[in-house]
Structure formats: C-alpha cells, structure tokens
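Please work through the exercises below with the coordinates open beside you. Each task is followed by a stepwise solution.

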Amino acid sequence: MTRTLLIPLCLIALAVSDASLAQETQTPPPTDQTQTTPPAGTDTTDSDQPAATIEEDAATPDSPAATEGDADQPAAVAEEATPDTAAPEATDDTATAAEDDQPAAVTEETTTETTQTEATDSPATEDDQPAEAAGETTTDSAATTDSAATTDQPADAAEEAAEPSAAATEDGAADAATASDDTAGTETEAEGDTPSDAVAAAPQPEVGADWPFYGGDAGATRYSPLDQINRENVAQLERVFTYHTGDLPEGEAVGMYSPETTPLKVGDDLLMCSAMNVLISVDAATGEENWRYDPGVPNEAIPYGATCRGVTLYTDPEAAEGDACATRVIEGTLDAKLVAVDAATGAPCEDFGENGTVDLWQDLGERVPGWYAVTAPPVVVRGVVVTGAQVLDGQAEDSPSGVIRAYDVRTGELAWAWDLGAPEANRDGPPEGEVYTRGTPNMWTTAVADEELGYIYLPMGNSAVDYYGSNRSEQENEYATSLVALDATTGEEVWHFQTVRHDVWDYDLGSQPSLIDFEGTPAVVLASKQGDIYVLDRATGEPLTPVDEITDLPQGDVEPDYIADSQPISTWHTLRKPPLEEKDTWGFTPIDQLWCRIKFRQANYEGYMTPPSADKPWIQYPGYNGGSDWGSVAIDTERGIMIANYNDIPNYNQLIPRERADEMGLKPIDEVESRAGAPEGAGDPQTGSPYAINVNAGWRSELTGMPCSSPPYGGIRAIDMATGETLWDRPIGTARRNGPFGIPSFLPFDIGTPNNGGSVVTAGGLVFIAAATDNLFRAIDIETGETLWSTVLPAGGQANPITYEVDGRQYVMVTAMGHHFMETPVGDEVIAWALPEE
Amino acid sequence: MVTGTENHSPHRRNYAVMTLGWICVLLGLAILAGGVWLILLGGSWYYAPAGLGLMLTGLMLNWHRMDAVWIYGLTWLGTAIWAYWEVGTDWWAQLPRMLAPTLILILVLICIPALRRR
C-alpha cells in the first residue's frame with residue numbers, strides 16, 4: 001500500500017515537464033515598490049540626477065493618473081493597436097499622434113537644454129553648424145517618416161536600401177559617392193539637406209542573403225527576411241559543415257576563453273575573428289578557409305576573458321571593385337588595436353593607421369596588458385569607425401579612461417574623441433603629455449548607429465570602480481549606465497538617457513540597442529541588465545513608452561548620501577521578476593536548502609536596488625549578468641514581436657574594508673604578477689576606494705556549488721511590440737549538463753539555465769538560439785515558444801547565431817566555443833546547418 | 001537494503017537498520033541545529049521540528065522500535081503539507097523539500113519487518 005503511494009510522489013517530485021513551467025502568458029507584476037510620486041519633487045534632492053529624464057515622466061500622460069494601475073496604462077495604449085497587425089508602424093497614426101502630443105512638448109524642452117549647453121560651450125563660428133543640424137535633424141526625420149517625397153540624400157538611400165536587389169545597392173553606392181563629392185566641395189550648401197557636413201549618409205547593406213552587421217541589419221534587429229527554413233521543415237535541418245578556427249587556449253589563457261564570436265556573411269564569405277583576434281575568411285557554403293590574418297595578440301592581453309564578439313565591414317563607396325581594401329574588415333583587439341584588413345585577401349590595409357593598425361593605448365597612460373581591451377565589434381558611421389573598450393572592472397579608480405574614439409575609416413586618423421570627463425577639451429585628443437580622463441565609465445559592448453541621422457548610440461557601462469561611488473565625478477554620475485547619443489560627425493553629445501542613478505551594482509548597459517520604427521517614430525530599443533526595456537526617440541532620447549520611477553529606496557550604511565533614493569523603471573516591459581523571499585532558496589536536499597535560507601537571512605536584502613554593505617553580505621537581484629546582457633534582444637519587425645532571453649539570478653556580494661582587503665592581498669592589475677580567471681568581482685581590489693568587493697556570482701552554495709536560488713535561472717520571452725505585453729515566456733536550457741557537485745544530471749527537462757548570447761528571428765517564424773549552458777542549439781516557434789528542433793553542440797554556444805543564404809540555400813550558423821564564466825566546455829567550432837539538398 | 005530475516009527476534013541486532021538510524025540521527029541533528037539558527041535569524045520554523053522528528057526517528061530505529069515509522073510518517077506528512085503550503089505545485093521548488101525526505105520514508109518503511117512491535 002505504502003509503495004503505491006510513494007512511487008507517484010517520487011515521480012512527481014522528479015518528473016517536471018516543461019509544460020508546467022512554460023507558456024506563462026502574463027507580464028510579471030510591476031515591482032511592489034512602484035510608486036508614482038511627482039518626480040519634480042524628488043528631483044530637488046539630488047543635483048546630479050538627469051533632470052531631463054525625470055521631468056519627462058511627469059509629462060508622460062499616464063503618470064499623474066497612475067495609482068496602482070501602472071500595468072493598465074500600457075494596456076490602454078495596447079487597445080488602440082491590435083496585436084495582430086503585422087507592422088507596428090502600420091497601426092494607426094492617430095493614436096500615435098495623440099500619444100505623442102505631450103512627449104513632443106517635452107522634447108522641445110530637452111532639445112533646448114541640450115542646445116543651450118552646446119551654445120554656451122562653443123563659440124558661434126563654424127561650430128554652430130552641427131548644433132543647428134541637430135535641431136534640423138529632428139524635423140528632417142519626422143518629415144522622412146511622413147512623406148517619401150523628400151529629395152534629400154538620406155531618404156534616397158533608405159528607399160534604395162529597401163530594395164533587396166544588388167543592382168540597387170550599387171546604384172546607391174554610386175549616388176553616395178557623388179553626394180559626398182558634392183558636400184565635400186560645398187560646405188555651405190549642405191545646411192538644409194544633410195544633417196552634418198562632413199560625410200553624407202552612405203547606403204547600408206541589407207540583411208537577407210548576407211548578414212552584413214553584427215546585429216544583422218544596420219539597426220541591429222537580428223531579424224532575417226529569409227524563410228526557406230520554417231516551422232514546418234526546421235526539424236529536417238542537418239549539419240552542412242564545421243569549421244575549426246584552431247584557436248584554443250594555451251598556457252595561462254586556459255580557463256579564460258569566452259570567444260562569444262558571431263561571424264558576418266557578405267557575398268560568398270564568412271568573416272570573423274577568433275578568441276585571440278585572428279581574422280578569418282571562410283567560404284560560406286563549404287566552410288573552407290579563404291585566408292587568415294593573425295595580429296599576434298599575446299595571452300597577457302586577455303582582460304576578463306578572451307573575447308571577440310565580431311568584426312565590422314566597411315565598403316568604400318569611392319573605391320573601385322578590385323582596389324586594395326575596397327571592402328575592409330575591421331576589428332578591435334584584446335591588446336587594444338584597431339586592425340583593418342582587405343576582406344578579399346586578408347592583407348592589412350596599408351592606408352589605415354600604421355600598416356593597417358591603430359594603437360588604442362595612445363593617450364591612455366601606462367600600458368598595462370589586459371586592463372584595456374576591445375571585445376566588441378566597432379561601428380562604422382559617416383565614414384568613421386567608432387570604438388570603446390572593456391576596462392577591466394574593479395581594479396582601481398585610477399584606471400584607463402573609458403573614452404569613446406572615432407577614427408577615419410580609410411586613414412585611421414583620429415576623427416574625434418568623446419571623453420566624458422573633458423568632452424570639449426579632449427575632443428581632438430588630450431593636450432601633449434596628458435591622458436584621457438582616467439577611471440571614467442566605458443563602453444565594452446556594441447554600439448549601434450543611424451547612418452541617415454548621423455548619430456551613434458553608446459550603451460555605457462560604469463566607472464572603473466563599480467561598487468563604490470562617493471569618489472566619482474559629476475560627469476561620471478551623469479553618464480554612467482546611460483545610453484548616449486553622439487553626433488557621429490562631430491563627436492558631440494546629442495542626448496543621453498540614464499537607466500540607473502548612481503549605479504553601485506555593476507548594471508552596465510550590456511545589450512546592443514536596436515533601431516526600429518516604433519509607431520511611426522524612428523526609435524532605439526534599449527534593454528538593460530535590470531531587465532527594463534525602454535523605447536526612446538532616436539532623435540531626442542525621449543521615451544516613447546511609459547517610464548516610471550521607484551522611490552524611497554534603501555540607502556544603506558556605507559554611503560547613504562550617495563545612494564539614489566529613486567530609480568527609473570520601464571512600465572512598458574521589464575524582464576525583472578518579483579523580489580526574492582526566503583522560500584525562493586534552493587538546493588538538492590533540505591540541508592543545503594536550509595543552508596541557503598540561513599545565508600538569505602544573514603544578508604542585507606530589501607528588494608531591488610538593495611545598496612552594497614560591508615557589515616554583512618547583501619543580495620543583488622537581478623545580478624550583474626542580467627536581465628539582458630550582450631546577447632541583446634531580437635525584434636521581428638514584420639510580426640511586431642521582440643524576443644528577449646534573460647538571466648534570472650541573484651548575486652551574493654560583500655564590500656571588504658580596505659584594511660581587510662590588504663590583509664587578503666587584493667591588488668589591482670598593475671601591481672600583480674599574474675591573474676587567475678576568477679569570476680568577475682570575486683575579490684576585486686577597487687583600489688582608491690575604501691572598499692574592495694567580493695561577488696559570489698549566481699549566489700552559489702559553498703556546500704554543493706549549486707545556485708542558492710530556485711530555477712529557472714534563465715528564460716526567453718516574446719513581447720508584443722504594440723503593447724509591451726508578454727506573448728509567451730519559458731525557461732531556456734535543460735538540466736542535462738547541470739547537477740550537484742558539477743555532475744551532469746542528463747535530465748532533459750527545461751530547468752532554465754544561465755545563458756549568454758542572443759537570438760536570431762526569421763521570417764520563417766523561427767527563433768534560433770543557443771546561449772544556455774546545456775550546449776544545445778535550438779529553433780523555437782516565435783508564435784508559441786515551443787522548441788521545434790534542437791541539436792547538441794560540441795562546446796558551449798555562448799554566442800549570437802546568424803542566418804544567411806548562398807545560391808538559394810538558407811543556412812543557420814552558430815559558433816560553439818564555450819565560455820569560462822558560463823562554465824561550458826571550450827571549443828573552436830563554427831557550425832552551419834541547412835535543409836537537405838534535393 | 002535487505003533486512004534479511006523474517007524472524008522478529010527482539011534480541012537480534014539489524015545493522016542495516018542501525019546504520020539508517022545513525023544517518024537519521026546525524027542528519028536530524030544537523031537540521032535541528034540549522035533550524036534553530038534559522039529561527040533565531042527570523043526565518044522558517046519548519047526545519048527545527050523536522051530535524052527533531054528525523055533525529056527521534058533515528059533513535060527509534062537504533063532501538064528497533066516501530067515508533068520510528070509513526071514518528072517519521074508524521075514528520076513526512078508535516079513536510080508535505082508545509083512544502084505544498086510554501087511552493088504549491090512548483091515541482092522544481094519541491095525537489096529540495098520532498099525528494100530526500102521521501103527517499104528516507106521509503107527506507108524507513110523497508111525497515112518495518114525488522115522492527116519490534118510493542
């Protein structure tokens with residue numbers, strides 16, 4: 001009798017089908033702390049706060065009314081736009097217009113503010129042209145969306161670009177060439193039509209057969225119009241080829257590999273970098289290597305991990321086909337170089353910098369390998385190639401600058417620098433003998449640019465010391481964790497939008513923003529590590545979706561005057577889950593769960609944005625891995641669906657007083673002999689501040705190595721772009737590779753694992769994504785969230801996939817190279833799948 | 001685990017049962033201690049009594065007393081009710097709460113033939 005009772009119970013406890021966890025169709029409730037106090041009031045408390053960001057909240061139509069029904073407001077907007085409508089922009093102009101009224105008013109304010117700053121800063125000589133241009137751009141872009149009958153160059157380019165034929169692109173190239181000739185000759189004429197005078201907008205290559213940008217198209221939507229592989233036939237996918245880069249860790253690089261590599265595909269070739277920055281061209285149909293170029297990056301240059309997320313392509317509209325470097329491949333390297341080689345041959349572009357190389361260490365101060373490293377593909381816009389860099393976190397306040405620099409894409413000469421500590425003074429580089437402002441927030445991830453508008457959007461991270469802020473400058477406070485729009489021609493700031501005030505949680509912006517048309521307005525979509533997703537006006541930075549704020553946040557004991565008592569949140573959509581409770585701890589047995597409960601009760605935790613503490617640990621939830629990290633979101637612009645994969649993991653942190661840190665021997669990178677590949681923040685010195693930091697990333701139990709929080713640890717979600725509502729949400733990642741003491745459980749259930757790397761969405765109705773730590777690569781039905789196909793990778797698939805076409809055959813591709821932080825096996829494979837040939 | 005005898009001799013020591021008994025005593029003590037600590041930290045009151053129940057079960061097993069079954073049955077039932085109250089049908093969340101206690105229940109039940117009725 002007893003056994004018949006017990007067996008089902010056992011089975012129930014074990015046998016968890018994904019059905020019970022998946023298919024949640026509700027948006028998580030807004031955070032409990034959500035309140036809508038008039039932001040103008042709180043504004044006065046802190047002079048550092050970005051006034052513009054707060055004020056617009058007050059002006060947003062819904063804020064005054066919002067008592068508890070924050071979730072209702074987006075819904076109200078939703079009702080006007082039917083979720084079925086294919087293109088969001090096609091919904092209805094009236095609704096947009098009505099909604100836009102108020103924000104538009106605010107927009108003017110902001111624009112005035114920005115312009116004022118610029119006006120006071122720059123004497124009214126030639127320099128006022130960019131400022132004017134910025135103003136005009138706003139109207140220009142509005143006009144562009146309203147009527148196609150504009151004659152100015154950007155619109156032309158856009159129209160032509162919309163045609164998929166190769167001939168059209170060539171024409172466009174020719175047009176652009178003439179146009180740039182014109183503008184170069186006559187500066188005065190350029191006033192009205194082109195937003196800036198230096199370089200006209202060049203036509204952008206189209207995504208489809210090619211995958212010409214890291215994010216697919218120029219707007220980084222990660223959407224492909226290919227539909228040969230679709231929901232009906234995806235199960236038949238078979239491996240076509242596997243290419244080995246041959247780049248595997250050796251010596252001290254062992255345990256530090258996280259290549260995160262995504263190839264580009266143009267013409268017949270795949271173009272990529274390996275973990276240690278070897279540039280490679282591979283035949284896109286066969287996987288045979290065309291050429292490789294090794295810039296010789298030493299192991300000591302590896303910062304946190306050996307990472308090269310991708311390369312950037314630039315086709316010179318003035319070059320003839322066959323010219324050397326007519327199309328060039330550009331990458332930023334771990335040892336801080338920009339390298340440009342000929343896409344056809346792999347030969348260095350001799351006209352670019354010194355023999356194809358620009359040294360980024362210039363004007364940064366002492367050269368310390370591994371402290372300053374480029375891991376993300378640079379962005380080319382208006383004839384300049386723009387890059388930031390990873391500045392190794394948590395070392396010292398006196399760290400290399402987070403300066404953003406733009407170089408002439410042909411010559412490699414510095415076009416401008418945006419040093420947020422001295423934007424005017426250092427625009428053309430620091431004065432002789434000086435360096436860019438040290439310790440400032442950096443941009444380690446990928447930017448996105450609007451070639452027509454001439455703006456580049458920079459997702460900024462934090463200052464060099466992440467978990468202590470009282471020593472930061474006004475400018476650091478202003479720009480950290482902000483999306484910053486710069487005029488790509490001048491390097492001047494146009495607007496910025498801050499996602500965390502006084503960030504002491506390492507909530508760097510990690511995702512590449514995406515450019516879309518949102519209800520008729522050119523918009524930029526920004527997903528954050530806290531999970532909030534914002535949609536901003538590309539021209540002004542004004543939120544197009546409701547932004548609210550949480551107030552009365554805990555101040556903590558360490559630096560209560562510095563900790564912000566309010567923070568912005570997106571009430572349109574957030575990936576963030578409700579705060580943790582003791583019962584959310586986990587384990588495999590009551591004993592390890594009990595241990596985690598004790599740890600939970602021992603820590604400071606007052607929900608989202610609990611400030612750092614030194615007397616005891618504090619829980620940071622979500623942890624620094626996201627929310628949305630560098631994998632970014634993918635947006636099916638045809639169906640109006642955004643796909644976001646995310647992590648749902650807390651960190652368990654503690655500040656370490658300096659004296660104790662010294663006893664522990666914590667030293668910054670410029671004072672240590674060698675470094676081990678510990679997870680970021682696990683004993684970082686933060687020299688210059690009164691505290692070091694110890695991060696237990698993922699809050700792992702000391703007893704079992706398992707997370708102390710309950711699964712799922714990662715999910716993937718579809719969001720209706722018209723309403724911001726969740727269409728489906730499910731865990732991503734099976735338990736097959738995970739288990740206590742690091743033993744694989746081989747359980748096929750969707751437990752929901754940590755994940756890094758994004759997705760691709762296709763016109764075939766599929767989402768392709770690896771990312772999770774189960775080493776699976778899978779195709780998911782974009783309408784239902786159901787996994788339709790999956791395959792086991794030979795190594796961790798922590799990279800963004802791509803899809804492309806050669807000779808009428810569609811391929812999907814992902815690199816399987818592993819990830820030290822995700823603890824997946826290392827590899828060097830680049831793998832392509834396609835449907836069987838008939 | 002084979003109890004090995006149909007002979008309910010009260011004088012016969014069954015080492016398998018005693019091993020399980022000691023395991024239960026040790027685990028029970030750990031859970032009792034941790035549970036008291038957790039109560040002092042302001043946390044759940046489940047663990048201390050559950051640990052006590054497990055420890056008593058272990059003692060009874062060492063003495064080959066049938067009370068082990070009743071005490072553990074009660075502990076397990078209480079655990080099931082508490083676990084359902086705390087996380088409902090979230091099966092991943094039930095794993096740490098119910099899996100090990102249920103395995104122990106099975107082992108305790110297997111011991112029945114070797115236990116002495118009063």
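Predicted model: local features only at pLDDT ≥ 70, side-chain atom pairs only at ≥ 80, totals over all residues.

Residues are numbered from 1 along each chain as its sequence is written, chains are lettered from A and ligands numbered from 1 in the order in which they are written, and side-chain values use heavy atoms, with hydrogens and water left out.

**Exercise 1.** Describe the extent of the interface of chain B and chain A.

Step 1. Taking contact as heavy atoms within 4.5 Å, the interface draws 30 residues from chain B and 31 residues from chain A.

Step 2. The two chains bury about 2,800 Å² between them, 76% of it on carbon and sulfur atoms; buried area is the accessible area (1.4 Å probe) that two parts lose on being put together, summed over both.

Step 3. On the chain B side, B:Trp91, B:Trp92 and B:Pro96 lose the most area to chain A, together 28% of what that side buries.

**Exercise 2.** At what angle do helix H11 of chain A and helix H1 of chain B cross?

Step 1. Helices are DSSP runs (H or I, at least four residues), numbered from the N terminus, and axes are lines fitted to C-alpha atoms over the stretch in contact, with angles from 0 to 180 degrees between N-to-C directions.

Step 2. The axes of H11(A), residues 590–602, and H1(B), residues 15–40, come within 10 Å and cross at roughly 20 degrees.

Step 3. H11(A) is therefore roughly parallel to H1(B), a term for angles under 35 degrees.

Step 4. Residues in this contact include A:Leu594, A:Trp595 and A:Ile598 of H11(A), and B:Leu27, B:Ile31 and B:Trp37 of H1(B).

**Exercise 3.** Which residues join H11(A) to H4(B)?

Step 1. Helix H4 of chain B, residues 91–110, packs against H11(A) at an angle of about 145 degrees, with the axes 8 Å apart.

Step 2. A:Pro590, A:Gln593 and A:Arg597 meet B:Pro96, B:Arg97, B:Ala100 and B:Pro101.

**Exercise 4.** How many salt bridges cross the interface of chain B and chain A?

Step 1. A salt bridge is a side-chain nitrogen of Lys or Arg within 4 Å of a carboxyl oxygen of Asp or Glu.

Step 2. By this rule there is 1 across the interface, and A:Arg597 and B:Glu86 form a salt bridge at 2.6 Å, N to O.

Step 3. Over all chains, the search finds 32 salt bridges.

Notes
Helix = DSSP H or I, 4+ residues; strand = E, 2+ residues; numbered from the N terminus. Parallel < 35°, antiparallel > 145°, perpendicular 65-115°, else oblique.
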